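Colleague: I have not seen this structure before. Could you take me through it in questions and answers?

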Number of protein chains: 2
Amino acid sequence: MNDDLLAAFDRGEQRALARAITRCESGEGEPLIRALFDRAGRAMTIGLTGPPGVGKSTLTAALVAHVRRLGKTVGVISVDPSSPFSHGALLGDRIRLTEHFVDPGVFIRSMASRGHLGGVAGATADAATLMDAFGYDVVIVETVGVGQSEIEIAEIADTILVALQPGSGDTVQMLKAGILEIADVFVVNKRDHPMAIQLQREIRSMMEMLDYGGWVPQLVATQAIAAQGIEALWDAIVEHDAYLRTSGEIAHKRRGAYEHRVRALALGALERRVEAVVAGIPDGRDPYAAAHDVLARFGDDAAVGEAPLRRASVRATVKGL
Amino acid sequence: MNDDLLAAFDRGEQRALARAITRCESGEGEPLIRALFDRAGRAMTIGLTGPPGVGKSTLTAALVAHVRRLGKTVGVISVDPSSPFSHGALLGDRIRLTEHFVDPGVFIRSMASRGHLGGVAGATADAATLMDAFGYDVVIVETVGVGQSEIEIAEIADTILVALQPGSGDTVQMLKAGILEIADVFVVNKRDHPMAIQLQREIRSMMEMLDYGGWVPQLVATQAIAAQGIEALWDAIVEHDAYLRTSGEIAHKRRGAYEHRVRALALGALERRVEAVVAGIPDGRDPYAAAHDVLARFGDDAAVGEAPLRRASVRATVKGL
């Protein structure tokens, strides 16, 4: 079954890629990723996030058209709270992408989140690996930036685009949510809007508040619906990609994403096992002693002995600083 | 050091209780909880949640006054995004509680969340255990209901009060967030508001959409600032408590809370260990094989062998249904 699928994948059948991604979504992707992982790593991966209504789909469609004109192939993963292809409200936005549906150099896939962001991140990483292994030159991951999903794409994509729209007042909100810090390129879309200049000023003054080590984010103004500014946006992406490669930062970045991914898989499995062990603990045992009992079941080197358990919160708070 | 603290705790010194809670907050509470856990379990624990502005502090103050008139002692844990005692914006609300500051039968403690809800839940559970072990008859945990913190208190408190205010339009939002499902008692505060009747109607029609197995939530209208409806609220709490005890559900509920707490402690420790192991994995290994490598380090019975790793997302999605 997997052999057939892999053979079809090898022959470059898009249908096989689609089926492989579906398997990953339903938690059966392991054999496929194991077989195909070492073919991935060539693609340029781009994450695009921003608040609802900013025009992410239009930006994606314009980028796809531009990338195709340059002779490159492109895969698009659209992560949305609900599958956009089956929900009317979002369908209108998607129509711009449909012009690419018949182009074999473009592959478009939406992933439904079903309300669980961590899980989507894992399935999205698998889908990106598969598109990359399939041979797409560019992989674009588009997510609605409302929660922490945009932080998760920072673990998948090499270059992060944060799109903002003039007059929305979203910037302070996004700064608070830690979204502005992950931007490699800011995109002010709808640049014809009267507030577009003010938004650019706001972004620049906020950038002054942040401490950039190496790459300083670029700011590009676009009018995606008229395909304006897309060449400048692509140039900024290419420049960031070149920076990652010449500085050697790309290895560091991809290693971080890789560790994040392995951790999520291992912890998911451990979580289920911990749950089973905890269910067997007798009543009345104090929770710390019980936690030590649980840990003792996970091997000698996992036993914390007499050392007190540090709270997860303490670590997480520091990490969040 | 701990012996001194425990001796002072035994003598009933509130200062020792305060210091013990501080230790739990900073991740050093293990020896104290281990020593005191078996004294806890007597208190009636009440969780109070609701959107900002609904009057949770006023409700708490009114409940405290009522409980004191009944001759019972009460501990209050106020979980807020920032410590209310040091931040002006919230201080006004707190002033109603200060009348109880000199009453030795009342102990009030605020816990700052520092942006990490999981961690606060752990520290809050420890604080509730300590107040219970110290001898308070009633422990009230008050949290701002904006994210998933209100779901977390369901893991700590025996009885959950969800407070709503008329004319706020919060109900649909809270239904979506899964907050209404955890209510044992709905409190419509500010019952003098012209929209109060409509809110009660809304709550009743939403209750019809939910499937209640045993206890059907009560609905109480209050005007906390005038101490109106507080007796009816207390009666509803007592009735729910009696239901839990006569039905035997309390054992089931407390067992769930206990397992949740042990799991969080164990997983926090495992998370740090997984992180360290993952850091040592060589590049180029596919993420699933790497995850199996990590799991193999956690004992034979943790090794998943050739079985594929199920995605955490799959389980979590089911749990979320």
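This is a predicted model: local features need pLDDT of at least 70, side-chain atom pairs count only at pLDDT 80 or more; totals for chains, interfaces and linings use all residues.

Colleague: How many helices and strands does chain A have?
Modeller: Chain A is 321 residues long, and 46% of those residues count as buried. Of its contacts between residues at least 6 apart in sequence, 73% join residues at least 24 apart. As for the elements, chain A has 13 helices and seven strands.

Colleague: At what angle do helix α4 and helix α10 of chain A pack?
Modeller: On the α4(A) side the contact involves A62(A), L63(A) and H66(A), which meet I230(A), E231(A) and W234(A) in α10(A). By class, that contact has four nonpolar, one polar and one charged residues. The axes of α4(A), residues 56-69, and α10(A), residues 230-247, are 10 Å apart, and the packing angle is about 75°.

Colleague: Are α4(B) and α10(B) roughly parallel or roughly perpendicular?
Modeller: In chain B, the axes of α4 (residues 56-69) and α10 (residues 230-247) come within 10 Å and cross at roughly 75°. An angle of 65 to 115 degrees counts as roughly perpendicular. Therefore α4(B) and α10(B) are roughly perpendicular.

Colleague: Which residues of α10(B) make the contact with α4(B)?
Modeller: The contact of α4(B) with α10(B) has four nonpolar, one polar and one charged residues. From α4(B) come A62(B), L63(B) and H66(B). From α10(B) come I230(B), E231(B) and W234(B).

Colleague: Which residue of β4(B) is the bridge partner of I46(B)?
Modeller: Strand β1 of chain B, residues 44-50, runs parallel to β4(B) and is joined to it by seven bridges. In β4(B), the bridge partner of I46(B) is I140(B).

Colleague: How many residues of strand β4 of chain B are buried?
Modeller: In a regular strand the side chains alternate between the two faces of the sheet. On one side of β4(B), V138(B), I140(B), E142(B) and V144(B) are buried, and on the other V139(B), V141(B) and T143(B) are buried as well. Across residues 138-144, the buried count is seven of seven.

Colleague: Is K190(A) buried or exposed?
Modeller: K190(A) is in the loop between β6 (185-188) and α9 (196-209) of chain A. Its phi is near 60°, a positive value in a residue other than glycine. A residue with 20 or more other C-beta atoms within 10 Å counts as buried. K190(A) has 23, so it is buried.

Colleague: What is phi of K190(B) near?
Modeller: K190(B) is found in the loop between β6 (185-188) and α9 (196-209) of chain B. With 23 other C-beta atoms within 10 Å, K190(B) is buried. Its phi is positive, in a residue other than glycine, and is near 60°.

Colleague: What separates the C-alpha atoms of R285(B) and K72(B)?
Modeller: R285(B) is found in the loop between α11 (249-279) and α12 (287-296) of chain B. R285(B) is partly exposed, with 17 other C-beta atoms within 10 Å. R285(B) and K72(B) are 213 residues apart along the chain, and their C-alpha atoms are separated by 62 Å.

Methods:
Residues are numbered from 1 along each chain as its sequence is written. Chains are lettered from A and ligands numbered from 1 in the order in which they are written. Axes are lines fitted to C-alpha atoms, for helices over the stretch in contact, and angles run from 0 to 180 degrees between N-to-C directions. Helices (H or I, at least four residues) and strands (E, at least two) are DSSP runs, numbered from the N terminus. Angles under 35 degrees count as roughly parallel, over 145 as roughly antiparallel, 65 to 115 as roughly perpendicular and the rest as oblique. Two residues are in contact if their C-beta atoms, placed from the backbone, lie within 7 Å. Ala, Val, Leu, Ile, Met, Phe, Trp, Tyr, Cys and Pro count as nonpolar, Asp, Glu, Lys and Arg as charged, and the others, Gly among them, as polar. A residue is buried if 20 or more other C-beta atoms lie within 10 Å of its own, exposed if 12 or fewer, and partly exposed in between; C-beta atoms are placed from the backbone. Two strands pair if DSSP finds at least two bridges between them.
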